[in-house]
Amino acid sequence: MLVLITYDINTETSLGRKRLRQVARQCVNYGQRVQNSVFECVLDATKCRELQHKLEQIIDKDKDSLRFYYLGNNYKGKVVHIGTKESFDVEDTLII
C-alpha cells in the first residue's frame, strides 16, 4: 500500500535539527522524498508499523508531529502531480 508520510520537526535547537536528520534518514530507507518533509512509501502492514515505531522513538511528541496517510494499493489514480520533480514508480522495473 502507498503511505504518504509527512512531518514537522521543531528545529530551533541542535537536538531538533538532529531529530529532523534522523527522521529524514529513516524515511529515505523506506521510500522516496517527494517534497522537503513528505515521503511516499510503498509498505506492507508490518513495514509500516516498523517505520512508525522507529519514527515515534525519534520525535519529541511535545514539539514535533508526524502524519501517515494510507492511500492503499490502488493509489495511482489518487495521486496527481503538477510541476517539477516528477517522481518515479517505486513498483516499476528497476534497470541498473
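**Exercise 1.** Determine how Lys47, Glu50 and Lys54 are linked.

Solution. A salt bridge requires a side-chain nitrogen of Lys or Arg within 4 Å of a carboxyl oxygen of Asp or Glu. In this predicted model, local features need pLDDT of at least 70 and side-chain atom pairs pLDDT 80 or more, while totals for chains, interfaces and linings use all residues. Side-chain values use heavy atoms, without hydrogens and water, and residues are numbered from 1 along each chain as its sequence is written.

Step 1: Lys47 and Glu50 form a salt bridge at 3.7 Å, N to O; they lie three residues apart in helix H2, about one turn of the helix. (Helices are DSSP runs of H or I, at least four residues, and strands are runs of E, at least two, numbered from the N terminus.)

Step 2: The closest N and O atoms of Lys54 and Glu50 are 3.9 Å apart, again a salt bridge, and these residues are four apart in helix H2.

Step 3: Lys47, Glu50 and Lys54 therefore belong to a network of salt bridges.

**Exercise 2.** Classify Arg19 and Asp64 as buried or exposed, and locate their salt bridge.

Solution. Buried means under 20% relative accessible area, exposed over 50%, partly exposed in between (1.4 Å probe, protein chains only).

Step 1: The side chains of Arg19 and Asp64 meet at 2.6 Å, N to O. Arg19 is in helix H1 and Asp64 in the loop between helix H2 (45–58) and strand E4 (65–72), 45 residues apart.

Step 2: Both Arg19 and Asp64 are buried.
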